[in-house]
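Q: I have a structure open and would like to go through some details of it. Could we start with a single residue and work outwards?

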Amino acid sequence: MDDPRLARFEAVYRETFGQITAYAVRRCDSPQDAADIVAETFTIAWRRMDELPPGKEATLWLYGVARNVLANHRRGEIRRQARSVELDVEMVDLYGAAPDTGVELTAIAEVFRSLPDDDRELLSLVAWEGLDRRQIATALGVSRNAVRIRLHRARRRFSRALVEAGVHLTPESRLLPAGRSL
Amino acid sequence: MKHIDEIETMMRPLARVAPGRSGGSPSGAGARTLLASITSEDPGTAVATPRRVQRYGPRRLVLGLAAAAVVATGIVVDPSLLRNGHSVSAAYAVTKDSDGIVYIQVRDFRDAAGLRKRLRELGVPAIVDHVPQGQMCRGPRATPMEDIPSGLYSVPENIPGERNGWQMRIDTKLFEPGQTFVWTITDLPGGGSSTSTILMKDPVAPCVLVPDDTPKMKEADSKVRRATRKGGSLAGYRVDEKTVGEVLPEIEKRGLKAVYLIMAIPPGNPGGFGELRTQEKPVGKDWVVWEAEDVTSGVVRLLVTDKRYDKNPVYGGPRDNVIRD
């Protein structure tokens, strides 16, 4: 099938599959849920190929789609489809290597989970996907200024929640990147 | 990673797939089966379902652009509330309780300097200016804050049992450094006054009086009125680009009821939209609000879509390009 649409989709799929699966696995508690998110996200992308932007922006656009899919999934609006089962095994592998654990990290993770959904998403896009403000603005379809303000608020709420939960960070645990001024 | 903060650095070890690492491989068996399954679907038929009602057109966009003539400014109290007639006990009363909540009652609007001093004493970073009829402060004096913290201040309301004056409450704990409450008290023809209260970013320029040449209030269609305009039910509050979940608490706080206009967005979102339906049934909290309109007293219609678009369909781009609040 010499379909340019198909060729483009396959290229985008190859290019972004690793990032989108990582996105889903970082946010879902079970491999099955992650498989659902990935399958639904790419299904929507295939249906909306006309809207898919070129180049690197495609990844940001897919993050935006995945974000909506995730929200729908949490509301129980997405039913398991046969096609996502195919991915289960691969997703399970990603769940095998648990993130670092420790009393302090567990406490931080607990506080993080208590934050509003939008806060968690913004902080995650920075910390886990490594996006800057412009990229987040593109992915979420909001202005950069809105991202700046919301991110500021999310950080503040997280800090406060950590203090309230009695999580005090020792200097060694801060893992400050080199060259960063506080 | 230039913007990364300490918070995010701390979060990095929480990621199940380490930041910078890839998740699954597209060449794995599952990934290839999924790809084949998705692309075996005819994309054309799949798209048809959500777009079955197509009533697109520029109508609403025209309304949005026409509304640009209206210059809305934060909260403005109905001048009928403010008419001076009776002598009253005090020009204003400002008190603060132990929780940092400041209560303000204003009955006479001429002593701007005194009111400003009193507010500052009680921790409200306010600038108060009094503007004679037919004049205005030369704008813009500062950039208005985009997102005002929920609960920072209440909508001005009547003082119970009195015909004149208004009252409001301000939570001084919610002010952040670099913010100033800019109050402008303007005399109106007929003896009333209006007060606009806008939270702005420092620095705020002093009020330089100039003739008031702002276009008079006019809207293309009197049946459609933005709820966020001055005097509207959501005056002083921005709804555009927020989620339904973010906007609803403000609507409830103001004692309003929401109905939802489900928008139909043409392919490519060129600006403008159609109306699928208007419903009372709540939509998902993650739906996106693009504008709010006053329907009848106490009812606000939210213009919503089930997902985010790259630009505001009501205005064909950022609302700020069209509307100045």
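Q: Is A:Asp33 buried or exposed in this model?
A: This is a predicted model. In it A:Asp33 is buried, because 20 other C-beta atoms lie within 10 Å and the cut-off for burial is 20 or more.

Q: Where is A:Asp33 located?
A: A:Asp33 belongs to helix 2 of chain A, which spans residues 31-47.

Q: And which residues does A:Asp33 touch, leaving out those up to four places away in sequence?
A: A:Asp33 touches A:Cys28 and A:His73 on that basis.

Q: What is the confidence for chain A?
A: The mean pLDDT of chain A is 82, with 82% of its residues at 70 or more. Over residues 170-182 of chain A, however, the pLDDT is below 50. That stretch has nine contacts in the model beyond near neighbours in sequence.

Q: Next, the helices. At what angle do helix 8 and helix 9 of chain A pack?
A: Helix 8 (residues 133-140) and helix 9 (residues 144-164) of chain A pack at about 105°, and their axes are 8 Å apart. The two helices are therefore roughly perpendicular to each other.

Q: Which residues make the contact between helix 8 and helix 9 of chain A?
A: Helix 8 of chain A contributes A:Arg133, A:Arg134, A:Ile136 and A:Ala137, while helix 9 of chain A contributes A:Arg144, A:Val147 and A:Arg148. By class, this contact has three nonpolar and four charged residues, and no polar ones.

Q: Which residues of helix 8 of chain A are buried?
A: They are A:Gln135, A:Ile136, A:Thr138, A:Ala139 and A:Leu140. Their cover includes helix 3 (57-74), helix 7 (117-127) and helix 9 of chain A. Just after helix 8 of chain A, A:Gly141 adopts a positive phi of about 70°.

Q: Turning to chain B, how many helices and strands are there?
A: Chain B has seven helices and 16 strands. It has 325 residues, of which 33% count as buried. Among contacts in chain B with a separation of 6 or more, 65% are between residues 24 or more positions apart.

Q: Which residues are buried in helix 2 of chain B?
A: B:Gly30, B:Ala31, B:Leu34, B:Leu35 and B:Ile38 are buried there. Viewed down the axis of helix 2 of chain B, these buried residues fall within an arc of 135°, so they line one face of the helix. On the other side, B:Ala29 and B:Ala36 are exposed.

Q: And which residues are buried in helix 7 of chain B?
A: In helix 7 (residues 244-253) of chain B, the buried residues are B:Val244, B:Val247, B:Glu250 and B:Ile251. They cover an arc of only 130° around the axis, which places them on the same side of helix 7 of chain B. The face turned away from that buried side carries the exposed residues B:Pro249 and B:Glu252.

Q: What covers the buried residues of helix 7 of chain B?
A: The cover includes strand 12 (242-243), strand 13 (257-264), strand 15 (288-294) and strand 16 (299-305) of chain B. Just after helix 7 of chain B, B:Gly255 has a positive phi of about 70°.

Q: Which residues does the cis peptide bond in chain B join?
A: It joins B:Asp202 and B:Pro203, with omega about -5°. B:Pro203 is in the loop between strand 9 (193-201) and strand 10 (209-211) of chain B.

Definitions and conventions:
Residues numbered from 1 in each chain as written. Chains lettered and ligands numbered in written order. Predicted model: local features only at pLDDT ≥ 70, side-chain atom pairs only at ≥ 80, totals over all residues. pLDDT = per-residue confidence, 0-100. Contact = placed C-beta atoms within 7 Å. Helix = DSSP H or I, 4+ residues; strand = E, 2+ residues; numbered from the N terminus. Buried ≥ 20, exposed ≤ 12 C-beta atoms within 10 Å, placed from the backbone. Axes fitted to C-alpha atoms, helices over the stretch in contact; angles between N-to-C directions. Parallel < 35°, antiparallel > 145°, perpendicular 65-115°, else oblique. Nonpolar A, V, L, I, M, F, W, Y, C, P; charged D, E, K, R; others polar. Arc of directions from axis to C-beta.
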